[in-house]
Number of protein chains: 4
Amino acid sequence: MKNTFGNNVSVTLFGESHGAAVGAIIDGLPAGVSVDEGFIEHQLLLRRPIGKISTPRKEADKFNIVSGVFNGKTTGTPICVLIPNENIKSGDYSEKYGKARPGHADYTAFVKYNGCEDYRGGGHFSGRITAGLVAAGAIAVDLLKNKGIYIGTHIEKCAGVCDKPFTDYKKDIEYLSTAQVPALSEEAREKMVCAIEKAAEERDSVGGVLETAVIGVPAGVGEPWFDSVESVISHALFSIPAIKGVEFGAGFSCADMLGSQMNDQFLMNNGAVATKTNNNGGINGGITNGMPLVFRCAVKPTPSIGKEQSTVDFINGEEVRLSVSGRHDPCIVHRARVVVDSIVAIALCDLLSQKFGTDWLV
Amino acid sequence: MKNTFGNNVSVTLFGESHGAAVGAIIDGLPAGVSVDEGFIEHQLLLRRPIGKISTPRKEADKFNIVSGVFNGKTTGTPICVLIPNENIKSGDYSEKYGKARPGHADYTAFVKYNGCEDYRGGGHFSGRITAGLVAAGAIAVDLLKNKGIYIGTHIEKCAGVCDKPFTDYKKDIEYLSTAQVPALSEEAREKMVCAIEKAAEERDSVGGVLETAVIGVPAGVGEPWFDSVESVISHALFSIPAIKGVEFGAGFSCADMLGSQMNDQFLMNNGAVATKTNNNGGINGGITNGMPLVFRCAVKPTPSIGKEQSTVDFINGEEVRLSVSGRHDPCIVHRARVVVDSIVAIALCDLLSQKFGTDWLV
Amino acid sequence: MKNTFGNNVSVTLFGESHGAAVGAIIDGLPAGVSVDEGFIEHQLLLRRPIGKISTPRKEADKFNIVSGVFNGKTTGTPICVLIPNENIKSGDYSEKYGKARPGHADYTAFVKYNGCEDYRGGGHFSGRITAGLVAAGAIAVDLLKNKGIYIGTHIEKCAGVCDKPFTDYKKDIEYLSTAQVPALSEEAREKMVCAIEKAAEERDSVGGVLETAVIGVPAGVGEPWFDSVESVISHALFSIPAIKGVEFGAGFSCADMLGSQMNDQFLMNNGAVATKTNNNGGINGGITNGMPLVFRCAVKPTPSIGKEQSTVDFINGEEVRLSVSGRHDPCIVHRARVVVDSIVAIALCDLLSQKFGTDWLV
Amino acid sequence: MKNTFGNNVSVTLFGESHGAAVGAIIDGLPAGVSVDEGFIEHQLLLRRPIGKISTPRKEADKFNIVSGVFNGKTTGTPICVLIPNENIKSGDYSEKYGKARPGHADYTAFVKYNGCEDYRGGGHFSGRITAGLVAAGAIAVDLLKNKGIYIGTHIEKCAGVCDKPFTDYKKDIEYLSTAQVPALSEEAREKMVCAIEKAAEERDSVGGVLETAVIGVPAGVGEPWFDSVESVISHALFSIPAIKGVEFGAGFSCADMLGSQMNDQFLMNNGAVATKTNNNGGINGGITNGMPLVFRCAVKPTPSIGKEQSTVDFINGEEVRLSVSGRHDPCIVHRARVVVDSIVAIALCDLLSQKFGTDWLV
């Protein structure tokens, strides 16, 4: 469904980097959910570029809730959030057009859209589109908290620097909810920032791995085959530009484990079924088992770099050299974090309402 | 959509391990596609257990095409393939019921289905369900070959043994299409088989990584956001039981690369745009760029092992010890291969028909 | 989605008139719903041809539940019902091929499927396909009864003979549930049968109007725009071959009414909101208001008639004369009744579970 | 999918009557389709209230294309059209709240949305929402014209006055495309206007029947069961508020016809297959046969009338009397016409692209 995701609860994205606005519609939320504009602002703040480790382009991210909210609550009808584009410099884009930035969608958009794509600033492929997603997702994140479901994501690794693992999910998630550079270890965070700054100085960029934990999801959610929790969440995550890998629980490391190591043995914990380990990331057979959902996604280094690269001019069909000028992020891992939380929140609302109905979400 | 996947071209799975039959419906294929029953048999053969590295349970996998094929060709209406279950021993399942096999869906199915699940042999969660998927997928695999699109998967790693990488995609894919243990290196294959047999002797199991390449997909296929090629393929792959990770191109290793290393620089190759490297796995911005699609999935060690484990009896709410008896696979990596090819073929038919229409697939 | 309908609860149809079998898959029903095979048989009986007013072709309609039912209850996974085709005479079809039966899908199937359609006995366009739908739908009809929701359909008009209207919904629906020719007035029923027999003698056919009432649906179900109750139910009804019109409440007669006549004025009825009239058929703004859902559909005269007609041979592109030989129904209105009830039951399960969740349906 | 309709080509509606704006997103159109803002304006003009036969509320309907259009052409990404609400008088709505207007969604919205609905001016149930649909649909209407597919709707009947039937589809459709009151007979039009004015004077309202013809759709489009052309178009039409009936070809009158009368006999017409009559409305077995698509929908009298009616105050649970004050339409049949054309155009784009691909639409 192209730019719409979800069945009972769905999100639709629209907009271009240098068009009038970007935005999102979230549909299917029940009526009566409180909409905290301060929290939406807060989430957008987490997405915003910071210091030297981000693009100097300043985006105010002023949002308007155009529909679906009345007297501070959802009305049950589609919520459209609009974020006008400001501070746009698109004067010089037509001249650049045709010189495909390596790692970007310039060339594939040209082929797909037959030369009619809005190429300014990446158009609909720009990370800017995620601003709408974050605004809409904030409502879902907030709603889930009221149901006792908490989502938190930290930078497991960035520019070669590793963070410490989750120790106390509840506390760590709370801590991460306000951290601009979401590392659990202060030392790791400082090293990451240094490494990113160093890459920026070298007109290069770095990638990383984000690790997400979700606590409070009841057991029994998800479907055996095509709506497995892994399928739905990975579908959502891979829609975020720059994500090139997704794994649940032990993920790829399971390839080197024996069954007796990988299997999460069950035990009784205060009368409830739990598991000793969580190598399956809280999911057995596509269905939640009540343990924390744990998954990771790989974020590639931002493709826009100042360093000179070889590429082609696809208009003329000739090879050229290219230094991407303009205002770029040397790293988007920290900014992608809140995008992950947002889309995961929406995907969970959809999965939960399949079983319990959308009314349950209030 | 639970047990149905795809829009223009879709597949629906049904059946239980110890029920009357398993099966699949593939819908949306245009009329006039040749259906080669020999090829379906061949694909089912690749899924079948072999030698000591698989379960001794013998499944004939005789399939009936119940609908949608006439005079050896698709009619354009739903194709239902039915595979009756034979050689079923389910006498002793009710006694085992309640003792959750670690790593399995026993417990989550119990919670989700409130004790009404068909628990015999894993029921609808059994790998047996993939037989229907492989039969239906064979038609899609075959159809794509006629359009010049070839899919091949090898075991990149299994039980700690690594295969050699793809060197000549076309040739390697052809080779893999008949290999029962799909390793490109004969030496690696032999070592893998030994390692699996060793695990079997120890009543344990091993996992691995499958790497898939698809050649011949034209540039410009896929959508920027929620129908990105990565989203659609990962959704499909994660529906296969035991898959815990999916990555495209460089995947998780991109976290340790600089942008200047990760970016695939464009070049002209006999008048066509190509890239020097393929770290993006043939996909930019969710859309194919004409390079081979390359992705990997992590297959966890089979959870059914003879070794004794701790677990709970969820009926009585008490901890128990469990040795899974019966006929089990010490490894399913080699058997999962053709399941991957099948679901990827169906997903690609769906993606291609979005742009070109289902008529294009003939 | 071609042959699949529904989101949370969905049905998929497959099969051809002269293929191995017809069948249906119903997916999304929760686990624990009792499956009464006797009731399925009963519903299939209502679909079966009777006396002189139907085709003399005898269809045993023996069904097999291939999956999704265990110990007499739904397991929560897809239920596949298979009805093998018996008593097939397809020897003489290839000779007839090309001579488009007026009013049938012969020509459109030829164009759409490019000459690869299974043309025997109407193939996938045959009313025979509805047998699978009725079998699957029986489970939904039964389930809804347990939730206090009752569906009943009578022949409002057939061959120019009008039935009396519903007077006591509950009682009338109960009466209709076992009536082979579902007219509320005995006199009307006898006249209808005579009129149908007369048409049969003249090698012609007749149509009619079916009126359905559903009681017990709570207020507040349905969506304002594209999942309005009218949209979903009409989508379902128009998928039944031969249906050419659908109207809710006063339907087309509203065109001749004033607003003051059409509007259903609200009143209090034992503390509950109700309406004096029910011109809106229990639906305001696409959402149920708690009154009985009332709608009608027009069933065209069976296109297969013995009378000679003009037509074309689309293979040779020439005009020919045609008398449709074989075993045909002079009327299918009475047989279509249970098909209507079946698909409406499935559509309602889907609409209800959107709001309340599929768990609610148990 | 609530407020989203369509698969390959889809539309999403949002907004409330007295909120900031109404709008629509159309997604799935290929890149390179010319977007004529003048034509969008023209279509919105056809929806606008006129003279004494409409509400005196003046809506400027200034639209902004927020995304998806670049250099006057579609970019292939979602097109969001926004229409800010102006001339809003909502001061007095809270006082009216609770008194359910008969025939309106006030009560059902209250039940569904639990008292959190935006009740001002009908909120999301207002006909105002169709402004967004018309703006988005204009692009689809225009696109289809370039493919030789023309859609036209006239008022077959209004307030008891009947129009003359289509005689020359092409010419009639062209004529209708600019007619503010779309009757084919001038005399009928004048009588309709008088009858509507008379109803207005009596503080009452009238309904009618719209008849639509679509020419140029190739044979072979649509699907046998759940994506039958009738299913898809009726689904779309019934989403428009006030539509209570939909019929194709002879529609409900088929109930009084014999098969020999209803069947459209085939003939050869300049080498092409055609039919003598068009009682099936251009559709056999759910698939287009190349004849004009012809269908009708019943539009109920506007429920908002000045005449006093009985109703309930659902807040207090007591019966009250109500005269709906404010600025109302005594008839919306003529205004609904362009809404019908718009949603039908979108539905056809979706159906066509299923077979031919979205690329075909350029």
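Which strand order does the open sheet of five strands in chain B have? The order is β1-β2-β3-β7-β4, with antiparallel pairing.

## Basis of the model

This is a predicted model, in which local features need pLDDT of at least 70, side-chain atom pairs count only at pLDDT 80 or more, and totals for chains, interfaces and linings use all residues. Residues are numbered from 1 along each chain as its sequence is written, chains are lettered from A and ligands numbered from 1 in the order in which they are written, and side-chain values use heavy atoms, with hydrogens and water left out.

## The sheet of chain B

Helices (H or I, at least four residues) and strands (E, at least two) are DSSP runs, numbered from the N terminus. Two strands pair if DSSP finds at least two bridges between them. Strand β4(B) is joined to β7 (residues 79-84) of chain B by two bridges, and the two run antiparallel. Within this pairing, B:N64 lies opposite B:L82 of β7(B).

## The interface of chains A and B

Contact, meaning heavy atoms within 4.5 Å, involves 102 residues of chain A and 102 residues of chain B. The size of an interface is often given as the accessible area lost when the parts come together. Buried area here is the accessible area (1.4 Å probe) that two parts lose on being put together, summed over both. Chain A and chain B bury about 8200 Å² between them, with 61% of it on carbon and sulfur atoms. A:W225, A:F226 and A:K244 supply 12% of the area that chain A buries against chain B, more than any other three residues.

A salt bridge is a side-chain nitrogen of Lys or Arg within 4 Å of a carboxyl oxygen of Asp or Glu. Six salt bridges are found across the interface of chain A and chain B. In one salt bridge, the closest N and O atoms of B:K112 and A:E223 are 3.1 Å apart. In another, A:K244 is joined to B:E230, with the closest N and O atoms 2.9 Å apart. This pair crosses between chains, from strand β11 (residues 243-248) of chain A to helix α7 (residues 229-238) of chain B. Strand β11(A) also pairs with β11 (residues 243-248) of chain B in the antiparallel sense, over three bridges. There, A:G245 stands opposite B:E247.

## The interface of chains C and D

Between chain C and chain D, 102 residues of each are in contact. About 8200 Å² is buried between chain C and chain D, 61% of it on carbon and sulfur atoms. Of the area that chain C buries against chain D, C:W225, C:F226 and C:K244 supply 12%, more than any other three residues. There are six salt bridges between chain C and chain D. D:K112 forms a salt bridge with C:E223, the closest N and O atoms being 3.1 Å apart. Strand β11 (residues 243-248) of chain C contributes six residues, the largest share of the side of chain C that touches chain D.
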